[in-house]
Amino acid sequence: MAAGSIENEGPDMGVGDFVLLSEITMDAFVRNLRIRFEKGRIYTYIGEVLVSVNPYRDLPIYGPDYIKSYKGREMFERPAHIFALAEAAYRTLKQRSLNSCIVISGESGSGKTEASKIILRYIAAVTNASNQAEIQRISNILIQTNVILEAFGNSRTNRNDNSSRFGKYMDLHFDYKFDPIGGKIQHYLLEKSRVVKQQP
């Protein structure tokens, strides 16, 4: 099975949900993560939590075929993927008319900003096709403003030349048809203690 394959995973791909590991130890956890990573599987569940490993390369797992494969499906019907998480959040919004939240957490350089872009692209792709241009415009605005906002709050660290010193809350707004119509990004400066003096 190719790394980009949408097909269900076999036993050679490791365990797709850490809850199903036969032994719950740090060694078993890391071993399973390594097996999956080497097979091009960067996503693994822990129940309803999605663990992702930054591949530091492009993988062909975000195209239209993948979007189609996850659209309208329950989270555990397909192999672990960020699209399954985005679909679950969007379905909660549509079916129950309840606000939904995805928390993205990780170390510097782990791919948090990239994950938020992928989720936005998925939401833009699965919403109303007749208004796709406007939805894509809103998605692009949110994605592109991120670069500007990061310029004011990032700094160099040992692990990353462009490390965020803040937390970010991105709020998507939907209309009555559950199509995105806007959004808001708020920053929370978490590490003021590191700002010791103003640059020349």
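**Exercise 1. State what share of the contacts with a separation of 6 or more joins residues 24 or more positions apart, and describe the order of the elements.**

Solution. Step 1: in this predicted model, residues 24 or more positions apart account for 46% of the contacts with a separation of 6 or more. Step 2: the elements are five helices and six strands. Step 3: read from the N terminus, they follow the order α-β-β-α-α-α-α-β-β-β-β.

**Exercise 2. Determine how much of the protein is buried and how its accessible surface is made up.**

Solution. Step 1: the protein has 200 residues, and 36% of them are buried. Step 2: the accessible surface comes to about 12,700 Å². Step 3: carbon and sulfur atoms hold 53% of this surface.

**Exercise 3. Classify Y188 as buried, partly exposed or exposed, and identify its contacts beyond four places in sequence.**

Solution. Step 1: locate Y188 in strand β6, which covers residues 180-189. Step 2: the relative accessible area of Y188 is 41%. Buried requires under 20% and exposed requires over 50%; Y188, at 41%, is therefore partly exposed. Step 3: with neighbours within four places in sequence set aside, Y188 touches F166, G167 and Y169. Step 4: K168 is 20 residues from Y188 in sequence, and their C-alpha atoms are 6.2 Å apart in space.

**Exercise 4. Describe the second largest pocket by its volume, its lining and the elements that contribute to it.**

Solution. Step 1: the second largest pocket contains about 1,000 Å³ of space. Step 2: its lining consists of 39 residues, and those nearest the centre are Y43, L50, S52, I82 and A115. Step 3: two or more lining residues come from each of β2 (49-52), α3 (82-96) and α4 (112-126).

**Exercise 5. Find which residues UniProt lists for "binding site", and decide whether G106 and S108 are buried or partly exposed.**

Solution. Step 1: the unreviewed UniProt entry lists G106, E107, S108, G109, S110, G111, K112 and T113 under "binding site". Step 2: among these, G106, S110, G111 and K112 belong to the lining of the second largest pocket. Step 3: G106 lies in the loop between α3 and α4, and S108 is placed in the loop between α3 and α4. Step 4: the relative accessible area is 39% for G106 and 26% for S108. Buried means under 20%, so G106 is partly exposed, and S108 is partly exposed as well.

Key
Residues are numbered from 1 along each chain as its sequence is written. This is a predicted model: local features need pLDDT of at least 70, side-chain atom pairs count only at pLDDT 80 or more; totals for chains, interfaces and linings use all residues. Side-chain values use heavy atoms; hydrogens and water are left out. On a 1 Å grid over the protein atoms alone, a cavity is a set of points where a 1.4 Å probe fits but cannot get out, and a pocket is an open set with protein on both sides within 12 Å along at least five of seven lines; lining residues have an atom within 4 Å of a point. Grid points are joined across faces, edges and corners, and a volume is the space filled by probe spheres set on the points. Helices (H or I, at least four residues) and strands (E, at least two) are DSSP runs, numbered from the N terminus. Buried means under 20% relative accessible area, exposed over 50%, partly exposed in between (1.4 Å probe, protein chains only). Contact means heavy atoms within 4.5 Å. Accessible areas come from the Shrake-Rupley method with a 1.4 Å probe; for residues, only the protein chains shown count as cover. UniProt positions are given in the numbering used here, feature names are shortened, and annotations may be inferred rather than shown by experiment.
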